[in-house]
Amino acid sequence: MIWHEKLYIGESIPKKKLKIKHLKWKIKHNAFLPNIFIIVLCRYGTNLLEIIPVWELRQKHYPKQNLYVVGLAKGYHEALETAAEIVIDVYKKTGGFDVKRCLYKQRKAGDSV
């Protein structure tokens, strides 16, 4: 799993650096977090983003190595709002909807993980 440096965080998640670091640690170590969702760059097709419940990552053979996490949210509705925020930010910056290119460019420009 690769974590984007500037994670988009839903309103219900505390924005303190230590809390987010602890939450990331729990996700990496398969802790049971029933209402937490990650927002990742889409791995297949032409979709922009995927919303994945963290409990799904606990499956033994879930392909976690290629996930590029750009957001965290508590609850599915908040995950949708956070994903929309990401797309809107990319549109404001670039005038387009190429989320992958924009976020990868940020990473290569020094805002990397």
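**Exercise 1. Burial and overall dimensions**

Task: State what percentage of the 113 residues in the chain is made up of buried residues, and decide whether the radius of gyration agrees or disagrees with that of a compact globule.

Solution: Buried residues, meaning those under 20% relative accessible area, with exposed over 50% and partly exposed in between (1.4 Å probe, protein chains only), make up 40% of the 113 residues in the chain. The model is a predicted one, in which local features need pLDDT of at least 70 and side-chain atom pairs count only at pLDDT 80 or more, while totals for chains, interfaces and linings use all residues. Residues are numbered from 1 along each chain as its sequence is written, and side-chain values use heavy atoms, with hydrogens and water left out.

The next step takes the radius of gyration over C-alpha atoms and applies the globule rule of 2.2 Å times the number of residues to the power 0.38. Because this rule puts a compact globule of 113 residues near 13 Å, the 13 Å of the chain agrees with it. Along the principal axes, the C-alpha atoms fill a box of roughly 40 × 30 × 30 Å.

For the surface, the Shrake-Rupley method with a 1.4 Å probe is used, and for residues only the protein chains shown count as cover. The chain exposes about 7100 Å², of which carbon and sulfur atoms supply 55%.

**Exercise 2. Elements, contacts and charges**

Task: Give the order of the elements from the N terminus on, and then find what share of the contacts with a separation of 6 or more comes from residues 24 or more positions apart.

Solution: Helices (H or I, at least four residues) and strands (E, at least two) are DSSP runs numbered from the N terminus, and the chain has 3 helices and 4 strands, which follow one another as β-α-β-β-β-α-α. With contact defined as heavy atoms within 4.5 Å, residues 24 or more positions apart account for 61% of the contacts in the chain that have a separation of 6 or more.

For the charges, Lys and Arg count as positive and Asp and Glu as negative, while His and the chain ends are not counted; each charge is placed at NZ of Lys, CZ of Arg, CG of Asp or CD of Glu. There are 21 positive and 10 negative side chains, and the centres of the two sets lie 8 Å apart.

**Exercise 3. Residues of helix H2**

Task: Locate Thr 82 and classify it as buried or exposed, and then list what Asp 89 is in contact with beyond its neighbours within four places in sequence.

Solution: Thr 82 belongs to helix H2, residues 76-94, and its relative accessible area of 3% is the reason why it is classed as buried. Apart from neighbours within four places in sequence, Thr 82 is in contact with Tyr 8, Ile 9, Gly 10, Ile 39, Leu 72 and Ala 73.

Asp 89 is also found in helix H2, where, with the same exclusion of neighbours within four places, Asp 89 is in contact with Lys 6 and Tyr 8. Thr 94, likewise placed in helix H2, has a relative accessible area of 48% and is therefore partly exposed.

**Exercise 4. Strand residues**

Task: Determine how far apart in space the C-alpha atoms of Trp 3 and Val 70 are, and find which residues Leu 49 touches.

Solution: Trp 3 has its place in strand E1, residues 2-9, and counts as buried because its relative accessibility is 4%. Although Trp 3 and Val 70 are 67 residues apart in sequence, their C-alpha atoms are 6.5 Å apart in space.

Leu 49 lies in strand E3, residues 49-53, and is buried at a relative accessible area of 17%. Not counting residues up to four places away in sequence, Leu 49 touches Ile 39, Val 40, Leu 41, Cys 42, Val 70, Ala 83, Ile 86, Val 87 and Val 99.

**Exercise 5. Cysteines**
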